[in-house]
Amino acid sequence: DAKTTQPPSMDCAEGRAANLPCNHSTISGNEYVYWYRQIHSQGPQYIIHGLKNNETNEMASLIITEDRKSSTLILPHATLRDTAVYYCIARGTPDMRFGAGTRLTVKP
Amino acid sequence: DTGVSQDPRHKITKRGQNVTFRCDPISEHNRLYWYRQTLGQGPEFLTYFQNEAQLEKSRLLSDRFSAERPKGSFSTLEIQRTEQGDSAMYLCASSHRDRGQGEQFFGPGTRLTVL
């Protein structure tokens, strides 16, 4: 699995969009980009994943650059309940290799 | 679909004791994974099963750790002769090999404290 780099922490105002970046410059062609989040003391929660195209679901949007070396997770209208650690994973093997993630704090 | 469940949620034990954790995956999920998470770190992969076969083990899985999935449904993770360094959250996840791209769904974890 390719190494990913994320900022250690970010803040976002409630109701605004949260844009979480991830760098995966060594990603290979068959590796998907996955995003998970973990709210304090809970198990990680799947958010979204993609290969090349931008993806959207009820939780978030995933924007992957054309060269696939980076991606951005967008939470369109952040709420206080979105405060969590967000993990970006570039995955080519069955298991998930988590880094330290980005701690997103949504502030009122 | 009730999600992945883990039992117990919390376990406190004394150093040197054996402990066993159970994971029940989402029904029909044929892959099951174990992870360990220490404070301030992301989850670290330990091992995974496809049906009853254990296909991969991390070097983190020392000889004191053993995992089983005897009938391809629930799984157990046993730690023998526990050490204080084993204190962590043990997470289980499951996925279906042939659906989607194998998104993993995690349970709530078992928090182990070794005194």
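Let's start inside chain A: Y87(A) and F98(A) are both buried. Keep in mind that this is a predicted model.

Y36(A) is buried as well, as is F98(A).

## How the rings pair

Across all chains, the whole structure holds 15 aromatic pairs. One of them joins Y36(A) and F98(A): the ring centres are 5.9 Å apart and the planes meet at 65 degrees, so this pair is edge-to-face. Y36(A) belongs to strand β3 (residues 32–38) of chain A, while F98(A) sits in the loop between β8 (84–91) and β9 (102–107) of chain A, so the pair ties together parts that are 62 residues apart in sequence.

F98(A) also pairs with Y87(A), again edge-to-face, with 5.1 Å from centre to centre and 90 degrees between the planes. Here the link runs from strand β8 of chain A, which holds Y87(A), to the loop between β8 and β9 of chain A, which holds F98(A); the two residues are eleven apart.

## A cluster with members from A and B

What do these rings belong to? Y36(A), Y87(A) and F98(A) are among the members of one aromatic cluster. From chain A, the cluster also includes Y46(A). Chain B contributes Y33(B), Y35(B), F45(B), Y48(B), F105(B) and F106(B).

## Charges over rings

Arginines meet aromatic rings too. In chain A, the charged end of R91(A) sits over the ring of Y34(A), at 5.1 Å from the ring centre. In chain B, R22(B) places its charged end over the ring of F74(B), 3.9 Å from the centre of that ring.

Conventions. Residues are numbered from 1 along each chain as its sequence is written. Chains are lettered from A and ligands numbered from 1 in the order in which they are written. This is a predicted model: local features need pLDDT of at least 70, side-chain atom pairs count only at pLDDT 80 or more; totals for chains, interfaces and linings use all residues. Side-chain values use heavy atoms; hydrogens and water are left out. Rings of Phe, Tyr and Trp (its six-membered ring) pair if their centres lie within 6.5 Å; planes under 30 degrees apart count as stacked, over 60 as edge-to-face and the rest as tilted. Helices (H or I, at least four residues) and strands (E, at least two) are DSSP runs, numbered from the N terminus. Buried means under 20% relative accessible area, exposed over 50%, partly exposed in between (1.4 Å probe, protein chains only). A charge sits over a ring if NZ of Lys or CZ of Arg is within 6 Å of the ring centre and within 35 degrees of the ring normal.
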